[in-house]
Each structure stands twice: as C-alpha cells, then as structure tokens.
Amino acid sequence: QGLAGRIVRALAQWGAQAGATHAFLQVEQRNNAAVALYRRLGFTTHHTYLTRVAPH
C-alpha cells in the first residue's frame with residue numbers, strides 16, 4: 001500500500017524543514033523488505049554491524 005514509504009518521505013521532509021541536511025537509518029540486514037524499501041527511497045549502505053549474542 002506504500003504506507004511505509006509515505007511515512008519515511010514525510011519524516012525526511014519534516015527533518016529538512018527543520019534544517020536537517022542528512023538522513024540516516026539503521027536496519028537489520030536480514031530484514032529484506034525494509035532494505036528493499038530504503039533502497040527504493042534512495043538510501044545506500046554506509047557500513048554494517050555485526051551483532052553478537054552471549055551463549056545461554
């Protein structure tokens with residue numbers, strides 16, 4: 001339905017009106033739907049994180 005894209009664009013516009021010159025976001029690489037959305041919106045990968053979990 002495009003709601004997520006509309007929200008991100010509205011937030012970016014709000015930030016720009018408030019003087020922001022850059023937009024950053026953080027997303028899990030395995031969240032394929034979100035990664036695809038952000039790519040469609042023009043975001044690119046700056047760097048990646050490696051998350052470690054302690055053993056049980």
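Contact here means heavy atoms within 4.5 Å, and helices (H or I, at least four residues) are DSSP runs numbered from the N terminus, as are strands (E, at least two). Residues are numbered from 1 along each chain as its sequence is written, and side-chain values use heavy atoms, with hydrogens and water left out. The model is a predicted one, in which local features need pLDDT of at least 70 and side-chain atom pairs count only at pLDDT 80 or more, whereas totals for chains, interfaces and linings use all residues.

**Whole chain.** Begin with the protein chain, which has 2 helices and 0 strands. Its radius of gyration, taken over C-alpha atoms, is 14 Å, well over the 10 Å that the globule rule (2.2 Å times the number of residues to the power 0.38) gives for 56 residues, so the chain is more spread out than a compact globule. Along the principal axes, the C-alpha atoms fill a box of roughly 45 × 30 × 20 Å. Buried residues (under 20% relative accessible area with a 1.4 Å probe, protein chains only; exposed is over 50%, partly exposed in between) make up 12% of the 56 residues.

**Helix α2.** Next select residues 32-40, which form α2, and colour Ala-34, Val-35, Leu-37 and Tyr-38, which are buried. Seen down the axis of α2, the directions from the axis to the C-beta atoms of these buried residues fall within an arc of 160 degrees, so they line one face of the helix. An α-helix has 3.6 residues a turn, so residues three or four places apart point the same way. The buried residues of α2 pack against α1 (3-17), while Asn-32, Ala-33, Arg-39 and Arg-40, on the other side of α2, are exposed. Following α2 is Gly-42, whose phi is positive, near 100 degrees.

**Pockets.** A pocket is an open set of points on a 1 Å grid over the protein atoms alone, where a 1.4 Å probe fits, with protein on both sides within 12 Å along at least five of seven lines; lining residues have an atom within 4 Å of a point. Volumes are the space filled by probe spheres set on the points, which are joined across faces, edges and corners. Select Leu-25, Gln-26, Val-27, Thr-45 and His-47, which lie nearest the centre of the largest pocket, among its 19 lining residues; the volume of this pocket is about 770 Å³.

Then move to the second largest pocket, of about 200 Å³, where Val-8, Leu-11, Ala-12, Ala-23 and Phe-43 are the closest to the centre of the 13 residues that line it. The largest share of this lining, 5 residues, comes from α1.
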